[in-house]
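Please read it alongside the sequence and the coordinates.

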Protein chains: 2
Amino acid sequence: MIEGSADAGPGVGDVDELTSAMLTASRLLVAVAARSLAAVEDAVTLPQFRLLVVLSSQGPAKLVTLAGLLDVNPSTALRMVDRLVASKLVDRRASPDSGREIRIELTAAGRAVVDQVTTRRRTDIAAIVARMPPGERRALVAALRAFAEAGGEPPVSAAVPLGWE
Amino acid sequence: MIEGSADAGPGVGDVDELTSAMLTASRLLVAVAARSLAAVEDAVTLPQFRLLVVLSSQGPAKLVTLAGLLDVNPSTALRMVDRLVASKLVDRRASPDSGREIRIELTAAGRAVVDQVTTRRRTDIAAIVARMPPGERRALVAALRAFAEAGGEPPVSAAVPLGWE
DNA sequence: CATAACCATTGCAGTATGCAACATTTTCGT
DNA sequence: ACGAAAATGTTGCATACTGCAATGGTTATG
């Protein structure tokens with residue numbers, strides 16, 4: 001027992017320290033995300049943007065699928081689609097093969113909204129990263145990959161609350 | 001100009017790579033946050049939880065202050081407080097000194113809700129961190145600090161969309 | 001072919017949100 | 001000290017988000 005408390009083995013202090021550092025970094029990342037969202041919040045609400053993001057990454061979908069990915073009730077998704085169709089950000093048409101399903105997809109304008117936010121977010125993070133000492137940069141890449149590896153693949157629905165994905 | 005921007009000198013690839021790694025890690029962290037929130041979403045909505053988090057970190061506040069921290073209209077904050085008072089998660093009383101201000105603060109139950117989510121989130125992140133190779137752990141701590149340093153202090157209101165803080 | 005499953009849709013209820021208007025209280029300037 | 005101005009909480013109104021339950025049409029299944 002080198003530096004443990006009670007019977008917690010070595011390295012536990014590291015875990016605590018790293019967890020705190022992780023939470024701090026999270027706060028910053030969420031702030032970046034929020035700022036990137038602010039740019040389009042006059043055009044779409046946050047729930048609407050989530051819907052656009054899902055369509056952007058998953059491609060066209062029928063209503064129940066979309067609702068499932070967003071983890072909302074189909075009726076909620078339907079009415080959101082209604083509004084987005086009115087805003088000309090998504091397209092809603094009858095499915096070619098099935099007479100009951102509908103096909104929902106992004107318009108060019110809708111894709112532009114998503115791209116705008118995505119680009120801004122990436123730019124902002126890159127700007128922060130560029131301000132880091134180059135030595136730390138290389139270390140961080142490997143370490144972050146190990147972290148993501150340890151975390152596994154998060155379910156899609158859980159990754160969208162802020163329009164990530 | 002040692003490694004300037006003009007023709008993108010050495011090190012730019014690093015930035016791109018690290019930005020991607022950062023975004024991936026973000027997705028995971030947001031997923032963790034969403035899962036920790038799920039535990040209490042029967043008791044409070046996400047906006048309500050945000051309000052509790054702000055009260056938890058800033059202490060008792062009057063209405064306009066609270067609304068400012070949440071970045072919502074005072075009328076919105078007022079009605080949310082109304083509902084949270086009905087749920088016995090916050091307390092609303094007249095301010096001792098000023099005859100027009102009101103003093104809003106957490107009840108024990110409200111504090112418990114925040115603690116529950118905070119604890120769960122920290123536990124989940126610690127679990128992931130514990131699965132990382134110890135070598136990567138030590139490297140990640142330093143690198144994350146450099147990242148947070150480069151990012152500066154995010155404004156409070158921007159850090160709360162998912163109940164961080 | 002009849003029944004079941006699936007899908008989109010609508011009605012209803014509660015929450016969140018911003019804006020504008022108000023009444024009351026405090027502060028400020030003269 | 002008094003009146004104007006600012007601050008604060010509050011309410012009315014309109015829109016968006018949300019889930020649950022019921023409905024009608026379409027497809028699959030037996």
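1. Burial first. A residue is buried if 20 or more other C-beta atoms lie within 10 Å of its own, exposed if 12 or fewer, and partly exposed in between, with C-beta atoms placed from the backbone. B:Lys88 has 11 other C-beta atoms within 10 Å, so this residue is exposed. B:Lys88 sits in the loop between α4 and β1 (90–94) of chain B. Helices (H or I, at least four residues) and strands (E, at least two) are DSSP runs, numbered from the N terminus.

2. Ground rules. This is a predicted model: local features need pLDDT of at least 70, side-chain atom pairs count only at pLDDT 80 or more, and totals for chains, interfaces and linings use all residues. Residues are numbered from 1 along each chain as its sequence is written, while chains are lettered from A and ligands numbered from 1 in the order in which they are written.

3. Most residues other than glycine have a negative phi. B:Lys88 is not a glycine, yet its phi is positive, about 65°. A:Asp71, also not a glycine, has a positive phi of about 60°. A:Asp71 lies in the loop between α3 and α4 of chain A. A:Asp71 has 17 C-beta neighbours inside 10 Å and so counts as partly exposed.

4. The core. A nonpolar core is a set of buried Ala, Val, Leu, Ile, Met, Phe, Trp, Tyr and Cys residues joined through C-beta atoms within 7 Å. The largest one here has 98 residues. A:Val30, A:Leu52, B:Val30 and B:Leu52 have the most contacts inside it. Contact means that the C-beta atoms of two residues, placed from the backbone, lie within 7 Å. Not counting residues up to four places away in sequence, A:Leu52 touches A:Val44, A:Leu89, A:Leu106, A:Gly110, A:Val113 and A:Val114. In soluble globular proteins, nonpolar side chains tend to be buried together.

5. The chain interface. In chain B, 50 residues are in contact with 50 residues of chain A. On the chain B side, α1 (12–38), α5 and α6 (134–151) each give two or more residues. The largest share, 18 residues, comes from α1(B). By class, this side of chain B has 35 nonpolar, 5 polar and 10 charged residues. Ala, Val, Leu, Ile, Met, Phe, Trp, Tyr, Cys and Pro count as nonpolar, Asp, Glu, Lys and Arg as charged, and the others, Gly among them, as polar.

6. DNA strand D. A residue is near a strand if its C-beta atom, placed from the backbone, lies within 6 Å of it. Of the 22 residues around DNA strand D, A:Thr45, A:Gly99, B:Lys62, B:Leu63 and B:Ser75 come nearest. At least two residues each come from α2 (46–58) and α4 (74–86) of chain A, and from α3 (63–70) and α4 (74–86) of chain B. With 5 residues, α4(A) gives the most. The surface near DNA strand D divides into 8 nonpolar, 8 polar and 6 charged residues.

7. DNA strand C. Around DNA strand C there are 22 residues, with A:Lys62, A:Leu63, A:Ser75, B:Ser75 and B:Gly99 the closest. The elements giving two or more residues are α3 (63–70) and α4 of chain A, and α2 (46–58) and α4 of chain B. Here α4(B) supplies the largest share, 5 residues. The classes near DNA strand C are 8 nonpolar, 8 polar and 6 charged.

8. A helix pair. How do α3(B) and α4(B) cross, and at what angle? Their axes come within 9 Å and cross at roughly 105°. Axes are lines fitted to C-alpha atoms, for helices over the stretch in contact, and angles run from 0 to 180 degrees between N-to-C directions. Angles under 35 degrees count as roughly parallel, over 145 as roughly antiparallel, 65 to 115 as roughly perpendicular and the rest as oblique. The pair α3(B) and α4(B) is therefore roughly perpendicular. B:Leu63, B:Val64, B:Leu66, B:Ala67 and B:Leu70 in α3(B) meet B:Pro74, B:Ala77 and B:Leu78 in α4(B). That contact has 8 nonpolar, no polar and no charged residues.

9. A residue in α1(A). A:Ser36 is in helix α1 (residues 12–38) of chain A. A:Ser36 is buried, with 21 other C-beta atoms within 10 Å. Beyond four places in sequence, A:Ser36 is in contact with A:Val117, A:Arg120, A:Arg121 and A:Asp124.
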